[in-house]
2 protein chains.
Amino acid sequence: MTSRSSVTTARTSSEGRAVARTQTLLKGENGIGTVRRTTLPGGLRIVTETLPSVRSATFGIWVNVGSRDETPSLNGATHYLEHLLFKGTSKRSALDISSAIDAVGGEMNAFTAKEYTCYYARVLDTDLPLAIDTVCDMLTGSLIRQEDVDAERGVILEEIAMTEDDPGDCVHDLFAHTMLGDTPLGRPVLGTVDTINALQADRIRRFYKKHYDPTHLVVAAAGNVDHAKVVRQVRKAFEQAGALGRPDATPVAPRAGARTLRTSGRVELLNRKTEQAHVVLGMPGLARNDERRWALGVLNTALGGGMSSRLFQEVREKRGLAYSVYSYTSGFADCGLFGVYAGCRPSQVHDVLKICRDELDKVAADGLTDDEIRRAVGQLSGSTVLGLEDTGAIMNRIGKSELAWGEHMSVTDMLTRISEVTPDEVREVARDILGQRPSLSVIGPLKDKQAARLDEAVA
Amino acid sequence: MTSRSSVTTARTSSEGRAVARTQTLLKGENGIGTVRRTTLPGGLRIVTETLPSVRSATFGIWVNVGSRDETPSLNGATHYLEHLLFKGTSKRSALDISSAIDAVGGEMNAFTAKEYTCYYARVLDTDLPLAIDTVCDMLTGSLIRQEDVDAERGVILEEIAMTEDDPGDCVHDLFAHTMLGDTPLGRPVLGTVDTINALQADRIRRFYKKHYDPTHLVVAAAGNVDHAKVVRQVRKAFEQAGALGRPDATPVAPRAGARTLRTSGRVELLNRKTEQAHVVLGMPGLARNDERRWALGVLNTALGGGMSSRLFQEVREKRGLAYSVYSYTSGFADCGLFGVYAGCRPSQVHDVLKICRDELDKVAADGLTDDEIRRAVGQLSGSTVLGLEDTGAIMNRIGKSELAWGEHMSVTDMLTRISEVTPDEVREVARDILGQRPSLSVIGPLKDKQAARLDEAVA
């Protein structure tokens with residue numbers, strides 16, 4: 001990822017406090033915002049993107065911890081903790097937290113992934129100070145009482161049950177297991193009924209103390225926001241909570257590493273009494289920082305990214321074999337996955353798998369047509385720009401960039417990089433990725449005879 | 001709904017064509033757009049909302065037909081037809097349609113409801129002409145060939161199966177059945193396996209000819225759009241397709257009527273092998289144009305509209321009995337529904353139902369506290385404004401307003417009306433609506449003993 005060098009650097013010192021460092025990372029133009037970063041003494045990073053034309057703001061805090069940081073017995077602790085942060089601080093009850101944002105019509109939520117956790121509130125710009133105060137208090141002052149852990153346990157067990165009732169979602173967890181096994185990255189973010197039942201307040205509290213250190217946090221705000229004001233308010237909130245950390249501490253580096261996944265030809269089937277069979281056919285993909293990801297993005301779009309994509313045309317448009325069929329990529333710090341999802345009645349599952357496998361093989365052998373590449377480049381470019389009108393999406397972009405890369409790429413540079421993808425690059429990445437022997441995960445009510453034929457798709 | 005009187009009226013005549021009537025319905029200010037409407041000879045209405053500060057545009061066409069316009073044997077035809085419009089015209093194949101919008105990174109989709117159908121495309125503003133051409137061609141020139149009907153039948157059967165696999169969604173269809181029975185409004189939008197298997201091209205084609213008349217259509221565009229240009233392009237597209245209709249025709253009036261639903265104390269259970277039981281406990285609500293809807297909106301928000309709402313607090317926050325619990329209203333032309341949804345493991349279902357019923361009874365008897373009303377008013381106001389940053393949401397608002405009301409309300413007027421809701425109005429509507437004996441729909445793996453106790457919730 002190209003880093004745009006800083007345009008200005010400012011050091012602010014007030015009342016003898018340690019010095020914060022502020023940089024303008026991207027200059028705004030044509031409705032795209034200006035991105036600035038301040039690093040406080042103690043290592044807390046604050047990034048903002050200012051878009052004066054909107055009336056709203058989204059404020060978020062990203063934490064460099066996810067389910068891959070859990071030991072087997074802690075599986076689900078990151079997500080459990082995320083729930084517990086809504087249960088109250090020494091200053092606010094759970095009801096105080098939720099009613100603060102509800103009362104102004106804002107939207108507050110959080111999500112936990114394999115490599116990060118994020119808490120955010122989207123509000124009218126005039127309510128930004130309220131959002132900052134509330135989210136900062138949640139992050140720095142959570143009580144994590146045993147009684148809250150016990151009450152929330154039921155909620156999380158319900159969330160697990162709800163996910164089990166959504167096989168189109170659940171099959172992606174199964175695919176991670178098929179590809180990565182019982183490893184930190186292969187285990188589910190929600191944990192299991194057993195690990196959740198075993199977790200107690202003291203262990204979660206230790207996990208919180210260890211991972212919610214200012215050096216592990218990125219504060220991100222986007223919309224009609226003033227960078228200096230956001231920095232002042234966040235600094236004050238963390239200072240009052242005694243959460244700024246040791247003045248000489250510096251932010252943790254982005255996760256790094258590289259490993260080669262070798263899973264191939266594995267088949268996992270969960271027999272469930274659903275109406276549809278839900279399948280993911282896939283293989284190892286690319287790590288987040290692999291330079292080939294731009295070509296893979298084009299390939300993924302052309303193969304299964306829209307209604308005009310190969311898979312949609314072959315499986316749904318021409319043959320009516322599925323309602324939902326698409327391909328996707330997921331990139332982690334050290335590895336990645338590429339998958340094709342389809343949902344169809346069990347009687348169609350072999351036809352669907354055969355068509356998907358054939359298309360994967362064809363593209364691995366021959367690449368895409370120039371026409372498909374042109375269309376995919378246009379699709380990626382247009383959707384990138386269209387995706388940046390929402391302050392929530394922009395907050396996600398800058399927060400995640402800071403945490404995962406430590407640097408930021410302008411939209412213009414992204415569009416340039418997408419447009420520079422060549423047919424040769426696409427052919428190469430298609431051969432490297434799609435040319436691997438796939439694995440397969442299935443949830444559905446397959447009969448023994450149907451189940452026995454699943455191997456054909458990964459032969 | 002208050003109609004803002006027209007600010008300007010213009011009649012344009014060119015080359016002796018029949019005269020179009022253009023009105024400015026709402027004057028823009030503070031980032032809120034200007035709303036204009038042109039009615040073409042033949043009855044086609046075109047409404048736009050211009051927001052020069054964004055870079056995108058959403059273009060949609062609304063059709064005054066939904067599943068409630070179907071006879072029993074036509075159940076699912078509206079939605080089937082919606083799918084078929086993507087299958088091609090004399091000018092464009094299915095691939096031409098999807099690749100046109102994909103190639104510019106746009107998002108094209110459609111949805112069918114009980115009282116309307118909508119087709120739309122969201123694109124960068126520079127791609128608006130492409131979106132207009134494509135969507136207008138789909139609407140006016142669909143071929144509806146038997147071979148397309150046959151290929152798409154599989155897709156729709158898959159969609160039905162997919163919905164069956166989502167019990168948290170499916171239970172709302174069941175609730176409509178519980179409350180409205182086997183009536184046009186009570187039947188599912190998707191139809192059933194039997195009706196879909198029986199539908200053939202000729203019947204769907206007749207349905208299309210009957211309902212896709214310009215007097216039944218509303219064209220809506222929002223974002224960085226120029227009203228006159230949109231009108232010119234839409235007129236030309238419809239003219240070339242010979243779809244402008246008889247010059248003296250006028251738009252159909254909004255659906256009207258009033259009827260009293262008397263369903264009470266009914267219980268319907270679908271036994272399914274899911275992890276959670278999914279319940280809707282509810283009663284007759286208000287028709288779309290009932291003046292009490294503002295007070296009901298406040299009531300609904302305070303009761304089950306957010307994390308600080310009564311139901312969330314009582315069911316999830318304090319007792320951890322569910323992950324998802326909320327209340328909702330749906331208003332049709334002549335009647336409405338009010339419902340409380342919760343998803344929980346079967347062992348908790350009676351506790352959850354008891355708490356929900358108790359809260360409904362309490363609020364019916366005592367209304368809400370002033371504090372709850374204040375918070376709900378703030379929540380509705382803030383979320384109304386926050387909801388209008390997306391051109392898709394704005395297109396929906398103006399298109400639906402035109403079709404359902406024939407008039408438009410400014411955001412300022414809406415906020416005023418919300419803020420004017422009094423505790424007495426809320427108390428009254430709570431007594432009228434929540435004071436009715438509820439009915440209950442459940443999907444889940446209940447044992448006979450558990451099922452036998454469901455009656456307690458509607459006693």
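**Entry 1: terms and model.** I take helices (H or I, at least four residues) and strands (E, at least two) as DSSP runs, numbered from the N terminus. I note at the outset that the model I am reading is a predicted one.

**Entry 2: the second largest pocket.** I began with the second largest pocket, for which I noted a volume of about 490 Å³. I then looked up its lining, which holds 22 residues, and found that A:Glu164, A:Asp173, A:Pro188, A:Gly191 and A:Thr192 are the closest to its centre.

Entry 3: I next traced an open sheet of five strands in chain A, in the order β9-β13-β10-β12-β11 and with mixed pairing. At its edges I find β9 (267-271) and β11 (324-331) of chain A, each of which has a single partner strand, so one side of each is left without a neighbour in the sheet. Ignoring direction, I noted that neighbouring strands of this sheet are turned by 15 degrees against each other on average.

Within the sheet I followed strand β10 (residues 277-284) of chain A, which runs antiparallel to strand β13 (residues 439-444) of chain A and is joined to it by five bridges. Which residue of β13(A) stands opposite A:Val279? I read it as A:Val442. I also looked at what packs on the sheet, and found helix α9 (residues 293-304) of chain A touching β11 and β12 (336-344) of chain A, with its direction at about 170 degrees to that of β11(A).

**Entry 4: the sheet in chain B.** In chain B I traced an open sheet of five strands, again with mixed pairing, in the order β9-β13-β10-β12-β11. Its edges are β9 (267-271) and β11 (324-331) of chain B, and each pairs with a single strand, so that one side of each has no neighbour in the sheet. Here I followed β9(B), which pairs in the parallel sense with strand β13 (residues 439-444) of chain B over five bridges, and I noted B:Gly444 in β13(B) as the bridge partner of B:Asn271.

I then looked up the helices that lie across β11 and β12 (336-344) of chain B, among them α9 (residues 293-304), which runs at about 170 degrees to β11(B). Helix α10 (residues 310-317) of chain B also lies across β11 and β12 of chain B, running at about 150 degrees to β11(B).

**Entry 5: how the chains are related.**

Terms used:
Residues numbered from 1 in each chain as written. Chains lettered and ligands numbered in written order. Predicted model: local features only at pLDDT ≥ 70, side-chain atom pairs only at ≥ 80, totals over all residues. Heavy atoms only, no water. Pairing = 2+ DSSP bridges. Axes fitted to C-alpha atoms, helices over the stretch in contact; angles between N-to-C directions. Contact = heavy atoms within 4.5 Å. 1 Å grid on protein atoms, 1.4 Å probe; cavity = no way out; pocket = protein on both sides within 12 Å on 5 of 7 lines; lining within 4 Å. Points joined across faces, edges and corners; volume = space filled by probe spheres on them.
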